[in-house]
Amino acid sequence: MRERIGISTEYIQLGQFLKLSNVVESGGMVKVFLSEFEVFVNEEPEQRRGRKLYLGDVVDIPEFGVYEVVREE
């Protein structure tokens, strides 16, 4: 089951998304997290914290869960 994470902008960067979804506690932890854990965006491996995520994108972090970017309600 996917957890839906709402954004109010056109896109969100992966690093910001990881904070918003409570996967990491701070922005400083993002770089280390991406080097230690597998992260997939739309089934493609991703390690760039600046990767832009748009509505409908799916972020899969095997040890944490699957998240979908949706419009904030």
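**View 1. The side chain of Ser-21 and the backbone of Leu-18.** In this predicted model, the side chain of Ser-21 reaches the backbone oxygen of Leu-18 at 3.3 Å, a polar contact, that is, a pair of N or O atoms within 3.5 Å in which, within protein, one must be able to donate a hydrogen and the other to accept it, while residues adjacent in sequence count only if both atoms are side-chain atoms. Ser-21 sits in the loop that lies between helix 1 (14–20) and helix 2 (30–36), where helices (H or I, at least four residues) and strands (E, at least two) are DSSP runs numbered from the N terminus. Ser-21 counts as buried because its relative accessibility is 8%, and buried means under 20% relative accessible area, exposed over 50%, and partly exposed in between (1.4 Å probe, protein chains only). Leaving aside residues up to four places away in sequence, Ser-21 touches Ile-5 and Tyr-67, a contact being heavy atoms within 4.5 Å.

**View 2. Thr-9 in a loop between two strands.** Thr-9 has its place in the loop between strand 1 (2–7) and strand 2 (11–13), and its side chain reaches the backbone oxygen of Tyr-11 at 2.7 Å. Is Thr-9 buried, partly exposed or exposed? Thr-9 has a relative accessible area of 42%, and therefore counts as partly exposed. Although Thr-9 and Tyr-54 are 45 residues apart in sequence, their C-alpha atoms are 8.9 Å apart in space.

**View 3. Glu-46 and the residues that it touches.** Glu-46 is found in the loop between strand 4 (44–45) and strand 5 (52–54), and with a relative accessible area of 6% this residue is buried. Which side chain makes a polar contact with the side chain of Glu-46? The partner is the side chain of Arg-51, at 2.8 Å. Not counting residues up to four places away in sequence, Glu-46 touches Leu-14, Leu-34, Val-39, Val-41 and Arg-51. Of these, Leu-14 is 32 residues from Glu-46 in sequence, and the two are 9.1 Å apart in space, C-alpha to C-alpha.

**View 4. The chain that holds these sites.** The chain contains 2 helices and 7 strands, and from the N terminus on its elements run β-β-α-α-β-β-β-β-β. Along its principal axes, the C-alpha trace spans about 30 × 25 × 20 Å. Of the 73 residues, 34% count as buried, and among contacts between residues at least 6 apart in sequence, 49% join residues at least 24 apart.

**Notes on the model.** Residues are numbered from 1 along each chain as its sequence is written, and side-chain values use heavy atoms, with hydrogens and water left out. As this is a predicted model, local features need pLDDT of at least 70 and side-chain atom pairs count only at pLDDT 80 or more, whereas totals for chains, interfaces and linings use all residues.
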